[in-house]
Structure formats: structure tokens, C-alpha cells
Amino acid sequence: MMDQQRLQALATELDQLLARLAQTDGEVADLRSALLPLLAQVAAGALSAPLAWGEIPGARYFSEGSLRRYPELEQAFARFRIEATGGESPALRKLRGEM
């Protein structure tokens, strides 16, 4: 079962960050455009089943593009992506606990 409140909060956080950075960075604006349909779906509470990792657009903007220069954005995207794919796995929680 997906945590809708957490997912919506993370989507809102990500969208606000995207909106702010998109004003001065075209690549962020492109990422926001790619994510808007999914963010709108989450805001409407219409995402009821976890997505596959690859179904969430935008990762290439960090791996192949230049958006790694925004660590706050990369972290917000990662938190949203983890939640949208079903939340932290027990293995990820264990790994975080050890770090």
C-alpha cells in the first residue's frame, strides 16, 4: 500500500523546487515538463500502484545532463522516485541505518 500523503508531500516539494529553479535554468524547465503529468496524477491522488523505476521520467537529466549541480533537487527527485516506486525497501532501510 502506497503512502499517499507522503507521496503527495514529496511531489509538492519536488514541484516547488522545480518551479523555482526552472525560472533560470532551461534544463530544469525540461525536467519539470517531463514530470508534470506524473506530479499532477500524484496531486490528484490518482497513483494507486507503485510505478516501475524506469517509468519515472527525468533520471537522465542527473546522469547525462548537468542537474547534479543542484544537490537539493537531486535529493528531492530521489525521495519522490523511491516513494513512487513503492517506498524504501527493507534492504534500503537497513543500508541507511548502517551509514
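User: With which side chain does the side chain of aspartate 25 make a polar contact?

Analyst: This is a predicted model, in which local features need pLDDT of at least 70, side-chain atom pairs count only at pLDDT 80 or more, and totals for chains, interfaces and linings use all residues. Residues are numbered from 1 along each chain as its sequence is written, and side-chain values use heavy atoms, with hydrogens and water left out. A polar contact is a pair of N or O atoms within 3.5 Å; within protein, one must be able to donate a hydrogen and the other to accept it, and residues adjacent in sequence count only if both atoms are side-chain atoms. At 2.8 Å, the partner of the aspartate 25 side chain is the side chain of tyrosine 70.

User: Is aspartate 25 buried or exposed?

Analyst: Aspartate 25 lies in the loop between α1 (4-22) and α2; helices are DSSP runs (H or I, at least four residues) numbered from the N terminus. Aspartate 25 touches Leu67, Arg69 and Tyr70, not counting residues up to four places away in sequence, where contact means heavy atoms within 4.5 Å. Buried means under 20% relative accessible area, exposed over 50%, and partly exposed in between (1.4 Å probe, protein chains only). Because its relative accessibility is 7%, aspartate 25 counts as buried.

User: Which class of accessibility does alanine 40 have?

Analyst: Alanine 40 belongs to helix α2. Its relative accessibility is 46%, and therefore alanine 40 counts as partly exposed.

User: How are α1 and α2 oriented to each other?

Analyst: Two packed helices are described by the angle between their axes and the distance between the axes. Axes are lines fitted to C-alpha atoms, for helices over the stretch in contact, and angles run from 0 to 180 degrees between N-to-C directions. For α1 and α2 the angle is about 155°, with the axes 10 Å apart; angles under 35 degrees count as roughly parallel, over 145 as roughly antiparallel, 65 to 115 as roughly perpendicular and the rest as oblique. The helices α1 and α2 are therefore roughly antiparallel.

User: How do the residues of the contact of α1 with α2 divide by class?

Analyst: Among the residues making the contact are Leu7, Gln8 and Asp15 of α1, and Val28, Arg32 and Leu39 of α2. Ala, Val, Leu, Ile, Met, Phe, Trp, Tyr, Cys and Pro count as nonpolar, Asp, Glu, Lys and Arg as charged, and the others, Gly among them, as polar. The division is 15 nonpolar, 1 polar and 2 charged.

User: How are α2 and α4 oriented to each other?

Analyst: Helix α2 (residues 26-43) and helix α4 (residues 71-84) pack at an angle of about 30°, with their axes 13 Å apart. The contact is made by residues including Leu31 and Leu35 of α2, and Phe77 and Phe80 of α4. By class, this contact has 9 nonpolar, no polar and no charged residues. From the angle, α2 and α4 are therefore roughly parallel.

User: How many charged residues are in the contact of α1 with α4?

Analyst: The axes of α1 and α4 come within 9 Å and cross at roughly 150°, which makes α1 roughly antiparallel to α4. Residues including Arg6, Glu13 and Arg20 of α1 and Glu72, Arg79 and Glu83 of α4 make the contact. Besides 12 nonpolar and no polar residues, the number of charged residues is 6.

How values were computed:
Helix = DSSP H or I, 4+ residues; strand = E, 2+ residues; numbered from the N terminus.
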